[in-house]
Every structure is written in structure tokens, then in C-alpha cells.
Amino acid sequence: MKRTTYREALREALREALQREPRAFLMGEDVGRYGGSYAVSKGLLEEFGEERIRDTPLSESAFVGAGIGAAMAGMRPIVEIMTVNFSLLALDQIVNNAATLRHMSGGQVGVPLVIRMATGGGRQLAAQHSHSLEGWYAHIPGLRIVTPATLEDARGMLWTALQDPDPVIIFEHLMLYNMEGKLAEEAGAVDLDRAAIRRAGTDVSLITYGGTLGKTLQAAEELAQAGVSAEVIDLRVLRPLDEETILESVARTRRAVIVDEGWKSGSLSAEISTRIMEKAFYELDAPVARVCSREVPVPYARHLEEAALPQIPSIVAAAKGVMSHA
Amino acid sequence: MTPSREQALALLEQMLRIRRFEEKSAELYSAGKIRGFLHLYIGEEAVAAGVMPALDAGDSVIATYREHGHALARGVPAEAVMAEMFGKREGCSRGRGGSMHLFDVSRRFYGGHAIVGGGLPVAAGIALADKLQKRPQVTACFFGEGAVAEGEFHETLNLAALWKLPVLFLCENNLYAMGTALSRSESDTDLCTKAASYNLPAFSVDGMDVEAVWSAAHDAVDTVRRLGIPYFLELKTYRFRAHSMFDPELYRAKAEVDQWKKHCPIAAQTARLEAAGALGAGVIEAIKSRIEAEVEQAAAFAEVGTLEPVEDLERDVYAGAARPKAERSP
């Protein structure tokens, strides 16, 4: 085991990809000379050179589209978009091209493209740098959406994404970059199919992913002290959803709380809740509860931002709420 | 560089072929065999017919939603194009794309694209892949003048020039973005000025003169291939028919359309060959009869084509079985 950070684990994954896969290259804004806006790609330009670590103009649509074209024509591009908010400038390419070309061409064209981007709030970056729009992307057939929340997944998801014949978007929550911990020396590729049970429990299933996994695990610890045994599911993959793991857990605990930094309306949490209702309604002892961001653009002021995002006390309260049903 | 007599005759035949195919498509649309949007290329045939011979088999093509002519000129069989428009499994996109999304990867024909400007970044990416893999290929990217108003045009020309990507940008300027005249949408209607500002060669050619297009395209492809840089070629053309089958054409005068029809590229090339004594007795008739047989065969092929079973609806959204298993679990 070695001590590392989420950021370093992501960088190691990039290094491995560039070493093992000659068709792989990284491009995006400030990934080279600057070292990446969150310093993930620091040092890679020096190691791999300008052909494979490509600084782009501030042209999200052009460089994401160029990633699509390069993937179609035999390369394995890794495109970094600084934040999910900026990815909206490339929505045309992601939604109208990357996600549709295989189907629209009758199976002739594949787009083996990996897009990485930062998501989420918590650093007082206000309403144009703090949103969690991964649930939006999870709406789109043709895309695979993954959300590494642990060091193992930060280290291992990229390689598997790079083997995928279809576009994969990796959402990195910006509050995780500095997360420290231990990682096995031989840590490597992980699957992009299954959710993981990060804490086993018997009374309530807390279903979350990405940036809220840590808060949810802490909430589970508090609940344990209050005599409630909470199971914590890390979805890992938002599309396609690992319904089996969710339903199996809920069938045991008979209660579910979904924790999602996205807003409630028209959301991923609504989707998960609906699937539980459709397929496990008679297993439930209480209505499904949700802890999501409040329905405002994320504000700058610290106290307001904290109030807008899911926090440990609200997760604990929601879990206690579903426990209070007989 | 000018086409030989044989090549000049082939250009005429290709234009006649595209026109007849389009006329038949309109007829089949009215008969309810083709549905959805149908954008006809009639009037603009000299562009696709003149450009395609300049490309080699390893080059790539990105086209727009008005791309039947490009597909045919690139060598996609008329049968496969027609079957696609009929929504049949034998279509070049298995009936998933329709008129606007013709694909044939075996010919590096990377599709009709129906978001104006959306094909440009993809073309830059294909060219980037060629460059990184040291393939001396050109990516030909067709788009209309309407795309010049899109951010993707500007982003892509800048990126292609900055990175020296071998893309031939082919702007089919038919003067109308659906119903909006160029002069009503651009602050400066000289498109070469805009393109040249990104530091790449930019030229304009009479898109109603197929030999001029052929020559300009050969020069352009040669420059892109030799120097590995992007190139912008404007083709001044005109659409004789409505934008799509739903368009009542309220935005332009009939007199204007009639005036342009006098510059029909097929009539002009026929006259040129006649004047040169290249059209012996029965030559045109023989060409037309070959084309008629091909187009009728395409329609018959599409008619007897099969419908994909609805059980297969969700295929080709993901690679499915082709997706490799992960190396290990978390």
C-alpha cells in the first residue's frame, strides 16, 4: 500500500494509459503547459510531449468534436473539459454526435472516446462552476457515465473506459481531488458496470455516488451510534444503472434514501426512486426519501453554499425519517 | 489542371445521375415511399460531382443533410441510398438514419450530418487521427454557407489552422440558409475573407461550372495533401428546388430562381462538350438510359427491401457483445 491522493491516482491512470496505449492522447484546455486546471495532468507534457498532451484553444465544441472524429478514425482520445458547466458549450458534439453516431450509421461508426470533467460544488465557485449535471448526461442513450468516488476508482476507471468501444464520460467531483488515502501498489483497472456496497447495513440503504459518498459514509457512522444500521451504495456508474444491486439492497433493508448533489426535479434521484417504486414497491416499509441540492443556482457565500448542498445532518435526518415509519 | 475529354464526360454523367436520382426521390416522396425530411441537391450537382474525383479511396468525407449527391459521387451504391430512404434494413445505415444520415464507412463516407456546423469539428478530428497515424490523407468536409454563422465553423477553422490539420473545408454557398438569405445573416458576405482570417488558403469558385470545380478541388486537395494544412474552398451554387419537401419558398422570387436555372450546371457542361465535339450521336441517350436503369433498379431494390424486426429496436446504441469485459472487479 502507498499513500496517495485522488488527483495523483487520476494522474497515474493517465500515465498508464499513455504508456500502454499508443493510440491514446490527452487534449483539453490547459492540460499541458499549465498542468491541468486541477493539476491532474501536471508533468505529463514533459513526459509525453506536445503531440500526446495537447493544449487546446477555448473551443469546447471543436476539441470535443475533434475527439469524436479522432476516435472514429482509429485513435483513443482522452478529452478533458475543465468543468461540467463548460461542457455545455460542447453539448452538440456530445449529445448529437458522440451518443448517436453508432446508431444513426446502423452500427458502422463507433466512438471510443473518453471525456473527463470536474463536477460539483463546495469551493465557493458560485453558479457557473459548481453544478452537478452528470444526471443530465445519464439521460442520454449511447453514453456511459461513471463517477469515481474512491482512490481505487480514480486509479482504475480510465483504463477500462479506454477499452470501451463507446463514449464514456468520467465525472470527477472537485472536492475529491485532495482526498488522501492508501492505495494498493498494484491497483489497476476496475469494472464500469456495477455499483459497490461501501458499507454493509441492515436497516436502510443510502444510495449515492461521487462527491457525496464521503458525507454519506460519515452519516452512516453517526446513524450507527444512534442504533441505525445503514448500508451505503456507491453507484459508480450512472448509466447504465446497476439496478440489481440497488434492488437487492432495498429488498433487505426495506428502506432507501438517495443522496445526490443534483437537483431533485427531473433528476437521477427521481429515476432511482421510480425504479425502486416500479420494482420493489411491496418490499418497502417507508416511502423513498431524497437528499439533494436545494433548487437554486449554487450561491457563492459560504453559509449559503453549504445550505444549498447535501450535508451530513440532512442525510442523518432523512434516514431517521424513513426509520420512523413503522 | 483541367479534366480530359473522358473525365469531362464522366463529370456530366455523374451530374445527370444525381439529378435523375433526386427527381426519382421527389417522386417517391410524393408517393409516400420516402418520409421525414428530404433535401434535394438539384442545381448543385456540379459541386459533389466535381469534388469527389479529386479524392482518393483513403480520404474521408463528411457531408451535410443534403448529401445524396455526395454519397452517390463517392461510390455509395444508389440501391443502398434508396433503401435507406425507404427505411429498409438493406439501406446504407440499416434504415436508422434516413435521407439525412447516409453512412458508408467502407468508403470512409462518415455521414450526412443534420446539425448545421456539427460536422466540422468531427472532420478536424478525423484529420487529426490521420496526421497522428502518419497517413497522407485528406478529410473533405462539406457544409453550407449557413454554417459560417455557427461558432463551430470558427472554432474548427482556427483549430485546424493552428494544428495544421489536413482538412479541405468545402463551403457550398447556395445563398440561403433554409430561407434566410446570406445578406440577411452575415455582416460580411465575403466568406473567403472570414476563412482567410484564420490563416489558411481560401478561394472561391463558380460552383455551377463542374470543370472549374474539378480543377479547384484538385488544386485544393493537392495543397492539403502536400503541405498537410487546411484549405477553404467556397463553391458558389444555387438550389433549384425548395429547401425540403415542406418548404413553400416564400423567401425568394420565382424570377431569381428562373435566372439561376439558366446557369444549370448540366446544361452548361452539355453545351461545352457539344461545342468541343465530344458528344457523338447517341452518347447522351446512352448515358441517360444507363442512369434510368440504375435509378429504377435502386427503387425496385428499396421496394423489396426488408424491414428490421422491432425486437431489434435497441441494437447499435452500444457496441453490446463487442464490449470487452473489465480486467478485474473493484
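1. Arg254(A) counts as partly exposed because it has 17 C-beta neighbours inside 10 Å (buried means 20 or more other C-beta atoms within 10 Å of a residue's own, exposed means 12 or fewer, and partly exposed is in between, with C-beta atoms placed from the backbone). Its phi is positive, about 65°, although Arg254(A) is not a glycine. Arg254(A) sits in the loop between α10 and β13 (256–263) of chain A; helices here are DSSP runs of H or I with at least four residues, strands are runs of E with at least two, and both are numbered from the N terminus.

2. A word on conventions for this predicted model: local features need pLDDT of at least 70, side-chain atom pairs count only at pLDDT 80 or more, and totals for chains, interfaces and linings use all residues. Residues are numbered from 1 along each chain as its sequence is written, while chains are lettered from A and ligands numbered from 1 in the order in which they are written.

3. Asn199(B), not a glycine, has a positive phi near 70°. The loop between α7 (191–196) and β7 (202–206) of chain B holds Asn199(B), and this residue is partly exposed because 13 other C-beta atoms lie within 10 Å.

4. Please also check the peptide bond between Arg239(A) and Pro240(A): it is cis, with omega about -5°. Pro240(A) belongs to the loop between β12 (237–239) and α10 (243–253) of chain A.

5. Now to the sheet in chain A. Five strands make an open, mixed sheet in the order β9-β11-β10-β13-β14, where two strands pair if DSSP finds at least two bridges between them. β9 (196–199) and β14 (289–293) of chain A are the edge strands; each has a single partner, so one side of each lacks a neighbour in the sheet. On average, neighbouring strands are turned by 25° against each other, direction ignored. Within the sheet, β10 (residues 204–208) and β11 (residues 230–234) of chain A run parallel and are joined by 5 bridges. One such link pairs Val204(A) with Ala230(A) in β11(A).

6. Which helices pack on this sheet? Helix α11 (residues 268–280) of chain A touches β10, β13 and β14 of chain A, and its direction makes about 155° with that of β13(A). Helix α13 (residues 312–323) of chain A touches β10, β11, β13 and β14 of chain A, at about 165° to the direction of β14(A). For these angles, axes are lines fitted to C-alpha atoms, for helices over the stretch in contact, and values run from 0 to 180 degrees between N-to-C directions.

7. Chain B as a whole has 11 helices and 8 strands. Its radius of gyration, taken over C-alpha atoms, is 20 Å, which agrees with the value near 20 Å for a compact globule of 330 residues (the rule is 2.2 Å times the number of residues to the power 0.38). The C-alpha atoms fill a box of roughly 75 × 50 × 40 Å along the principal axes, and 50% of the 330 residues of chain B count as buried. Of the contacts in chain B with a separation of 6 or more, 76% join residues 24 or more positions apart; a contact means C-beta atoms, placed from the backbone, within 7 Å.

8. Finally, the interface: 42 residues from chain B meet 45 residues from chain A. On the chain B side, β2 (109–112), α5 (119–132) and α6 (151–162) each give two or more residues, and α5(B) provides the largest share, 10 residues. That side divides into 21 nonpolar, 12 polar and 9 charged residues; Ala, Val, Leu, Ile, Met, Phe, Trp, Tyr, Cys and Pro count as nonpolar, Asp, Glu, Lys and Arg as charged, and the others, Gly among them, as polar.

Note on methods:
Contact = placed C-beta atoms within 7 Å.
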